[in-house]
Amino acid sequence: ITHTHLTVSEGLLPLLPALLRRFTNLTSIKLPRYFTVDINALLSQIASFDLPSLHSLDISDQRTFPSHGLRQFSQKFPTLKSLNCTHTKPDLVLISECFPNLEEIDVSYTSVFLDKDLDVKAWASGLKKLRKVDLSSNSKLGDSSLFTFCQNCVSLEALVVDETDSLSNIGIANAIRERPQLRSLDVGWGNVTLEFIDALALCALAEGGLPLRELNLGFCSGYQYNGISCLLRKCNNLQYLDLQGIEFLNDQRIIELSLLLGNLKVVKLSENAKLTDLSLFAIMRN
C-alpha cells in the first residue's frame with residue numbers, strides 16, 4: 001500500500017476496514033488475482049467507505065465477473081475513470097451502464113465480446129468520455145464490431161489491438177479512419193499483417209492529418225518502407241515510435257526517417273540486424 005494506491009491481498013482482508021478508514025485519499029485499488037472468496041462482497045464492502053479521490057479499479061484475473069458487486073460499487077463511485085478487466089469475462093453493457101465516465105478500459109485477453117453491432121453500439125455510445133481502450137487478444141472481436149466501436153466511441157484517442165488475429169487488415173484500416181483524432185495506435189506483436197494498413201490507412205490517415213503521438217508497429221509484418229515514410233512525413237508530432245524487428249530497415253532508411261522525427265522522445269529499434277551505430281547517431285542528431 002502507498003498513500004494513494006492499495007493492492008488487496010487475501011492476507012490483508014482482516015485489516016481492510018481499518019486501512020480504508022485510514023487512507024481516505026486512495027486513488028486506485030487493485031484486487032487480488034484469482035480471488036478465492038466472494039469478490040462481489042469485497043466490492044460492496046469497499047463501497048461502504050468514503051473514498052472521494054478513488055478513480056481507478058483493477059479487477060483483472062478473476063474467475064467470475066462480479067456484476068452484482070460492480071453495480072453496488074458504481075452507486076458509490078459513479079465517476080470511476082479507469083477499469084482493468086483483463087483476463088476476465090466482462091459484461092460490457094453493464095460496465096457502460098455503471099461507469100459512464102470511464103476514460104480508460106482494459107478488456108484484453110477476454111473470452112467474451114459483443115457479437116451484435118447493436119450491442120457494440122450501445123456499449124461504445126454509453127462511454128462518451130472513453131479515451132483509451134485495450135482490446136488485445138480478443139478472439140471474438142471481429143471487423144464489424146471494431147468498426148462499430150470506433151464509429152460510436154466519440155472521444156477515443158488511443159487504441160490497442162495486439163495479438164487480435166480475428167481482425168482483418170481492411171477491418172483495422174476502416175475502423176481507425178472513423179476516429180480522426182486518434183493519437184495512439186498499437187498493433188505491435190500482432191498476428192495482423194499490415195499490407196492494407198499500408199495501402200489504405202497509413203497514407204490515407206496521413207493525408208487526413210491524424211494527430212498521432214504514439215505508434216507501435218514493432219514485430220509486425222506486411223507493411224513496407226513507403227507506408228511508414230508516408231505517415232511520418234505528415235504526422236510530425238510523434239513522440240513515441242516502436243519499429244522493433246522490422247526486416248526492411250537499414251541505416252540509410254533510418255537516416256531518412258530521422259529527418260521526420262524532430263519531436264520524438266522515445267524510439268525502439270532493437271532486433272533490427274541491419275542497423276549500426278549510424279542509425280543511433282542520426283536519431284540523436286535530428
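Which residues does S184 touch, not counting residues up to four places away in sequence? In this predicted model, S184 touches E157, A158, L159, L212 and E214 when those sequence neighbours are set aside. S184 belongs to strand β8, which covers residues 184-186, and one of its partners, E214, is also joined to it through the side chains, by a polar contact of 3.3 Å. Because a residue counts as buried under 20% relative accessible area, S184, with a value of 13%, is buried.

**The chain as a whole**

The chain that holds this strand has eleven helices and eleven strands. It has 286 residues, of which 50% count as buried.

**Two helices side by side**

Helix α2, made of residues 39-47, packs with helix α3, made of residues 67-76, at an angle of about 10°, and the axes of the two helices are 7 Å apart. Angles under 35 degrees count as roughly parallel, and α2 and α3 are therefore roughly parallel to each other. On the α2 side, the residues that take part are N40, L43, S44, I46 and A47, while α3 contributes S67, H68, G69, L70, Q72, F73 and K76. Sorted by kind, the residues of this contact between α2 and α3 divide into five nonpolar, six polar and one charged.

**An aromatic cluster**

One of the α3 residues that meet α2 is F73, and F73 also belongs to an aromatic cluster, which it forms with F77 and F99. The count of aromatic pairs comes to three. In one of these pairs, the ring centres of F73 and F99 are 6.4 Å apart and the ring planes stand at 65°, so the pair is edge-to-face; the cut-off behind this step is that planes over 60 degrees apart count as edge-to-face. F73 lies in helix α3, whereas F99 lies in the loop between α4 (92-98) and β5 (104-106), so the pair ties together parts that are 26 residues apart in sequence. F73 is buried, with a relative accessible area of 0%, and F99, at 0% relative accessibility, counts as buried too.

**Residues in loops**

Where does N272 lie? N272 is found in the loop between β11 (266-268) and α11 (277-285), and with a relative accessible area of 8% it is buried. Leaving aside its neighbours within four places in sequence, N272 is in contact with L243, Q244, G245, I246 and L249.

D61, in the loop between β3 (56-58) and α3, has a phi near 60°, which is a positive value in a residue other than glycine. Y109, in the loop between β5 and α5 (117-125), has a phi near 55°, again a positive value in a residue other than glycine. Is D61 buried or exposed? At 8% relative accessibility, D61 counts as buried, whereas Y109, at 35%, counts as partly exposed.

The table gathers the accessibility values of residues discussed above.

| Residue | Relative accessible area | Class |
|---|---|---|
| S184 | 13% | buried |
| F73 | 0% | buried |
| F99 | 0% | buried |
| N272 | 8% | buried |
| D61 | 8% | buried |
| Y109 | 35% | partly exposed |

Key. Residues numbered from 1 in each chain as written. Predicted model: local features only at pLDDT ≥ 70, side-chain atom pairs only at ≥ 80, totals over all residues. Heavy atoms only, no water. Helix = DSSP H or I, 4+ residues; strand = E, 2+ residues; numbered from the N terminus. Buried < 20%, exposed > 50% of the residue type's maximum accessible area, 1.4 Å probe, protein only. Polar contact = N/O pair within 3.5 Å; in protein donor to acceptor, adjacent residues only side chain to side chain. Contact = heavy atoms within 4.5 Å. Axes fitted to C-alpha atoms, helices over the stretch in contact; angles between N-to-C directions. Parallel < 35°, antiparallel > 145°, perpendicular 65-115°, else oblique. Nonpolar A, V, L, I, M, F, W, Y, C, P; charged D, E, K, R; others polar. Phe/Tyr/Trp six-rings, centres within 6.5 Å; stacked < 30°, edge-to-face > 60°.
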